[in-house]
Amino acid sequence: MQREQDMIDHNSLTRREMLRLAAGFAATLALGAAVAGRNSNAAQIEAPQPEGAGRMTTRPIPSSGELLPVIGLGTYINFDVAPGSAGYRALPAVLDALFSAGGTVIDSSPMYGRAERTTGELLAAREPRPKAFLATKVWTHGREAGIAQMEESFRLLKTDRIELMQIHNLVDWRTHLPILRRWKEDGRIRYIGITHYTPSAYGAVEAVMKAEPLDFLQINYALDDRAAEERLLPLARERGIAVICNSPFGGGGLLQRLRGRPLPGWAAEVGAASWAQLALKFLLGHPAVTCAIPGTGNPRYMAENAAAGSGPALTEAQRRELIAAVG
Ligand SMILES: NC(=O)c1ccc[n+]([C@@H]2O[C@H](COP(=O)([O-])OP(=O)(O)OC[C@H]3O[C@@H](n4cnc5c(N)ncnc54)[C@H](OP(=O)(O)O)[C@@H]3O)[C@@H](O)[C@H]2O)c1
């Protein structure tokens, strides 16, 4: 499928804590599998929280100090599905896996077909409506078109407040930024960000980060796609800009390459049972990273990804070993 090209101290963790973390992960997986088979009535999937639930690590958004759970959910492709389809019916359980693990961040865009509408429908169907950290984007040219598109995002997401409004791929950013600032002052949005997906745009991204006060940068950063480490991630730290990692699995290609390869011998020690979890823990090991937003329409994957957001952090030596593993 073509995709948009878009802490706990390790040494302080006792064996008992490790077993509890492992048990929590297993329970979360079991919950995901169970709800996946139930066919999506949002009211049905309110289940008791598994042990370990809600323990996801949080990190401060530098501009406010607000704590953000480190693993979220991307909605590209998987949320662009029609009501009644198998893909759509699986999504309430995906959200259940995100929320039950303590995650809140959901990232969308008007570029993602029906994804904002699907997200709004599924959140509105849950009683009470969950406190999601909604991130979406403006992706058009012109002031009036930008305003109309963002108003439509509020309508589709069925909300009167969007946590994070981002300028998608910097499209017409000079036009949109003043509107975003005004809407932030008015309280319609809480944070402002920019996004991109390719190193060829990093020069432009860097220039905007230096010139404009921003709350968030959303950028492609993955175990096998680390160009953002050179300038953007250090600059984000220096400027106090939160970082969301998009395409953390390279659209899925990274995991396909690693499929069948044995995990490092220390994987269980850091609470990782898959390459997906190691790839996410790798990102969280960078001090500039606030959150990663793997995309999925599979509740089991969502539970697995969310579980990577708790437990021990990787050491630098472990991070280097992972880099070597992907060549
Ligand atoms: N310019 C931008 O602003 C920009 C660019 C790119 C991405 N984004 C954002 O970042 C999000 C993530 O990027 P992405 O969706 O392109 O790619 P991604 O998260 O790198 O990869 C998604 C792929 O990984 C698979 N996957 C997810 N969890 C897995 C697991 N635990 N085990 C095995 N496979 C797993 C998914 O499979 P299934 O499909 O089977 O679930 C899907 O094929 C997007 O959804 C979007 O919100 C923004």
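Leaving aside its neighbours within four places in sequence, which residues is Val-205 in contact with? The model is predicted; local features need pLDDT of at least 70, side-chain atom pairs count only at pLDDT 80 or more, and totals for chains, interfaces and linings use all residues. Residues are numbered from 1 along each chain as its sequence is written, and side-chain values use heavy atoms, with hydrogens and water left out.

With those sequence neighbours set aside, Val-205 is in contact with Leu-170, Ile-194, His-196, Leu-217 and Leu-232, where contact means heavy atoms within 4.5 Å. Leu-170 is 35 residues away from Val-205 in sequence, and their C-alpha atoms are 7.6 Å apart. Val-205 belongs to helix α6 (residues 202–211); helices (H or I, at least four residues) and strands (E, at least two) are DSSP runs, numbered from the N terminus. Val-205 counts as buried because its relative accessibility is 0%; buried means under 20% relative accessible area, exposed over 50%, partly exposed in between (1.4 Å probe, protein chains only).

A nonpolar core is a set of buried Ala, Val, Leu, Ile, Met, Phe, Trp, Tyr and Cys residues joined through side-chain atoms within 4.5 Å. The largest one has 80 residues, and Ile-194 and Met-209 have the most contacts inside it. Helix α9 (residues 275–284) gives the most to this core, with eight residues. Apart from it lies another core, of 12 residues, including Leu-68, Ala-135, Ala-242 and Cys-291.

Eight strands form an open sheet with parallel pairing, in the order β3-β4-β5-β6-β7-β8-β9-β10. β3 and β10 each have a single partner strand, so one side of each is left without a neighbour in the sheet. Two strands pair if DSSP finds at least two bridges between them; β9 and β10 pair over three bridges, and Val-243 has Val-289 in β10 as its bridge partner.

Helix α3 (residues 115–124) is largely enclosed by the rest of the structure, because seven of its 10 residues are buried. Among them are Glu-116, Thr-118 and Leu-122. Their cover includes α2, β4, β5 and α4.
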